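Please look through the sequence and the structure before reading on.

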Amino acid sequence: MACSLLAHSPARGESLPFAGLDDLRGPYEGTGMFGEALHVQPLGMAGNWPICAVWSSDRTTKSPYLGFGWSIPALESRFVPLDVRRWAFYQPDGYVRIFVQVDRKESNVLTGGPAWTAIVKDDLIRVTADPHDGGPKSEFTFRQGRLVRMICEEGSFDVKYTGRVADGITSHGKTLLEATRESGPEKRAVFRFNGGRAQVVAVCRPATVFGPQGESSAAMSSQENCLASLQTPDGTVDFSYGGDNGEAAFQAGNARWTWDPRTRKILSCGDWIYTIGETKNHEDEVKETPTFDRRHADGRHESYANSRKTGLCVQSFTNGTSRTYKVFTSGPLAYRRVRWTKETDGDGSSVRTDYTYNEAGRVVYRRTTREGEDAGTDEAWLDESGKVFRRRVDGKEVPTK
């Protein structure tokens, strides 16, 4: 089966959107940041908040809506203790952020890294992200570990529950998403967006999948609730699960992945064969992204390495070209922005572009430096709409339209 695999890396000056779950996805479509097989299925827009379903070969729990291996981060976000000093924030974009105590004497104050603070008071938790290097301030409110309110660049949202399962999202009293579950010969979950103008129906049936079995092995198990199809306004997407010869398989429409049920890492996608390097552990379990190496049946070879600690990413290709770029996180919903990017040709010549952002996270200035025989600079100043209003090439002013 064919598998769409586009190199998933930032374009020059691009502010990666929340809709892309870009801090969850890996460098190639169909892979996660830690080498697992990953599929992100858009469901619809709840106002300005994109709602996505995520299947991961690394996920061995069940979504209350879509069954084994799936999650809908926006509806399943939570803030839960891991041990006496650490908490896990399962963000509405799918990324998991670890918080730790700032001071043992102030056990209710937690930090999740630069700009991230959480205050725990009884069954109420307030999380604030106030980036120091650009991007909007955001706030999350949890009650009994469940997300009940979020204020971010996309707007302000309230999450409604029946029992412990979320069944709706509202904003300023307007219903943006209704989620209902139906019982019968087959389990169904119905999602209605923005007053019912759009609807997605998830159909779940029993299936045999690879489930957890200890820390280093896995075995096939029968799961009562597995997503079999999604009926959307754009058509129906069918899903299937299986495995043989020690490999597991997942298929979404025409895209098919195989993965190792023991390590949960991707093995192949279409005509690409993957080799995933080891993940290194650091203090407080901040993990480095492993190296990705993939080869195509036609002889193409690509590799990718990324340091989550430094933000430095390196991508190389068969023809000898490479791309190096530095990213930083400036917003709470996996907004990543490029500090600089350097593209090198096979002959060693390169072009580097540096970016400056305003407080809202928009590019306001970029400087491109050419090296080699064609050395020089190209500077551009951009307005709020992203249009260049001033340009200077090799120190000389150039008229702009």
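## Basis of the model

The model is predicted: local features need pLDDT of at least 70, side-chain atom pairs count only at pLDDT 80 or more, and totals for chains, interfaces and linings use all residues. Residues are numbered from 1 along each chain as its sequence is written, and side-chain values use heavy atoms, with hydrogens and water left out.

## Overall make-up

Of its 401 residues, 48% are buried, that is, under 20% relative accessible area with a 1.4 Å probe, counting protein chains only.

Contacts are heavy atoms within 4.5 Å. Among contacts with a separation of 6 or more, 33% join residues 24 or more positions apart.

## Cysteines

The structure has zero disulfides, a disulfide being a pair of cysteine sulfur atoms within 2.5 Å. For Cys204, the closest cysteine sulfur is in Cys226, at 7.7 Å, which is too far for a bond.

Cys204 is buried, at 3% relative accessibility. Cys52 is also buried, at 8%.

## Ser268

Ser268 lies in strand S23, residues 266-269, and is buried at 15% relative accessibility. Leaving aside residues up to four places away in sequence, Ser268 touches Arg256, Trp257, Thr258, Ile273 and Tyr274.

With Thr258, the side chain of Ser268 makes a polar contact to the side chain at 2.5 Å. A polar contact is a pair of N or O atoms within 3.5 Å; within protein, one must be able to donate a hydrogen and the other to accept it, and residues adjacent in sequence count only if both atoms are side-chain atoms.

Conventions:
Buried means under 20% relative accessible area, exposed over 50%, partly exposed in between (1.4 Å probe, protein chains only). Helices (H or I, at least four residues) and strands (E, at least two) are DSSP runs, numbered from the N terminus.
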